[in-house]
Amino acid sequence: MSNQADLIVGLQWGDEGKGKIVDHMAQTHDYVCRFAGGHNAGHTIVVGEEKIALHLIPSGVLNPDAKNIVGNGVVLSPVDFIEEMSQFDDLEGRLFISDKAHLLLPYHAAIDQARERMKGDKAIGTTGKGIGPAYGDKVARVGHRVGELHHPRKLADKIMDYFSMNAPVFAAMGVETPDAQELYHELLEYREVLEPYITDTTLLVQKALEEGKRVLLEGAQGTMLDIDHGTYPYVTSSTTISAGACSGLGLSPKEIGRVTGIAKAYCTRVGNGPFPSEDHGEAGQRLRDRGHEYGTTTGRARRCGWFDAVAMRHAVRINGVDQVALMKLDVLDGFEEIKVCVGYEFEGREIDYVPYDLEEVQPVYRIFKGWKRSEGARNFEELPEAAREYIGALEEMIGCRIGIISTSPEREDTIVRR
Ligand code: IMP
């Protein structure tokens, strides 16, 4: 009988700690698949003393028995991917790249950075990796796919044509036209390394499910950064929500099984854009320090604030979340009071949904009693009473069970509720 895939999705603005949960779940899955985003994502996984930062390679790479798929919904930078691959020496036969994934080439990063510069104080605060321009080219039907690496000469010619078509725009942006010969040699190099991994991953995932294999789908970024449902235009350029797993891998909605949504016990955001429950004061700084809230990909300090139950309820709903994994509960240890955003003030009234533009809302808070220590707890009963009350109240507000609670970066410090 055909299996359904398990799905992991970020419910906030990314950086929810998906890496730890994917790593945890990857131990019991045969396949781990990425379906969206690019090397803007960053998963840090702590295994004993070692910290491993993954950007594009699925976290299942740390389970020697798991196969890892980079789906068609991903934008793949060959240079960065090859560098990431070099951390491992046994990838053949357990890493597969969709021939339909789009290539993110160095000029995409140059365009991204030029656009950000031109936007000045309206900049999105992108990672500068070229994500928007790569997805933009895909949708405008002028992109190039990974499968084209099989024919580097033809691909080099197409890219040079693309540059001549766009010459005036690129000149204005200060984006240099590559040297045709150099470009060809770069593409040859990419082909040499990547060819053994390029395949039709749609067939691969479908076959895996048909054979009853356990498949895990790993989302990148978070719901509030989704191109349609996030805080547009301050979003990333992909479909980060559950639905993206279908188009980004070639699965039908019926093949999605249990959805685990990941959220921190508080909230963070990198880059610009609205963040109603942001705390600009001491509490925000304390969350940043205690939670080590600095980006894996860019090293930027993350903006910090309180759990936003309104945005979370919206995220639970549009992702079809079956259970929430609440991360970094221990970061709240020692606060006298903990705030939760339970509503927004919008155009003179209080609302309990996410409106078109979050820029204009003010948070309405409910205050919870803090607790001393949850760090390292491995059973729900071990948690201080106030922490258990906090979790119970969140479940009610977001309309979803919190089935997993993380109480430190260590793999073992995870409460799995029955
Ligand atoms: P881009 O994806 O580089 O275009 O950036 C668009 C927005 O998404 C910016 O606010 C980034 O900071 C944010 N972003 C992109 N990737 C991540 C991520 O993995 N974690 C958190 N924020 C991200």
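Of the 17 residues around the ligand, those that come nearest are Asp15, Asn40, Thr127, Thr236 and Arg300; a residue is counted here if one of its heavy atoms lies within 4 Å of the ligand. The structure is a predicted model, in which local features need pLDDT of at least 70 and side-chain atom pairs count only at pLDDT 80 or more, whereas totals for chains, interfaces and linings use all residues. Residues are numbered from 1 along each chain as its sequence is written, and side-chain values use heavy atoms, with hydrogens and water left out.

By class, the shell around the ligand holds 7 nonpolar, 8 polar and 2 charged residues. In this scheme Ala, Val, Leu, Ile, Met, Phe, Trp, Tyr, Cys and Pro are nonpolar, Asp, Glu, Lys and Arg are charged, and the others, Gly among them, are polar.

| Residue and atom | Ligand atom | Distance |
|---|---|---|
| Asn40, polar side-chain atom | oxygen | 2.8 Å |
| Gly125, backbone N or O atom | oxygen | 3.4 Å |
| Gln221, polar side-chain atom | nitrogen | 3.1 Å |

Taken alone, the ligand exposes 470 Å², and the protein buries 96% of that; accessible areas come from the Shrake-Rupley method with a 1.4 Å probe.

The chain is divided into domain 1 (5–76 + 202–416) and domain 2 (102–196), with bounds from an automatic or database domain assignment. Each of these domains supplies at least three residues to the shell around the ligand.

The C-alpha centres of domain 1 and domain 2 lie 30 Å apart. Their contact (heavy atoms within 4.5 Å) takes 21 residues from domain 1 and 17 residues from domain 2. About 1500 Å² is buried between the two domains, and carbon and sulfur atoms give 59% of this area; buried area is the accessible area that two parts lose on being put together, summed over both. In domain 1, the residues that lose the most area to domain 2 are His39, Val75 and Leu76, together 37% of what that side buries.

Technical notes: Buried area = accessible area lost by both parts, 1.4 Å probe. Polar contact = N/O pair within 3.5 Å; in protein donor to acceptor, adjacent residues only side chain to side chain.
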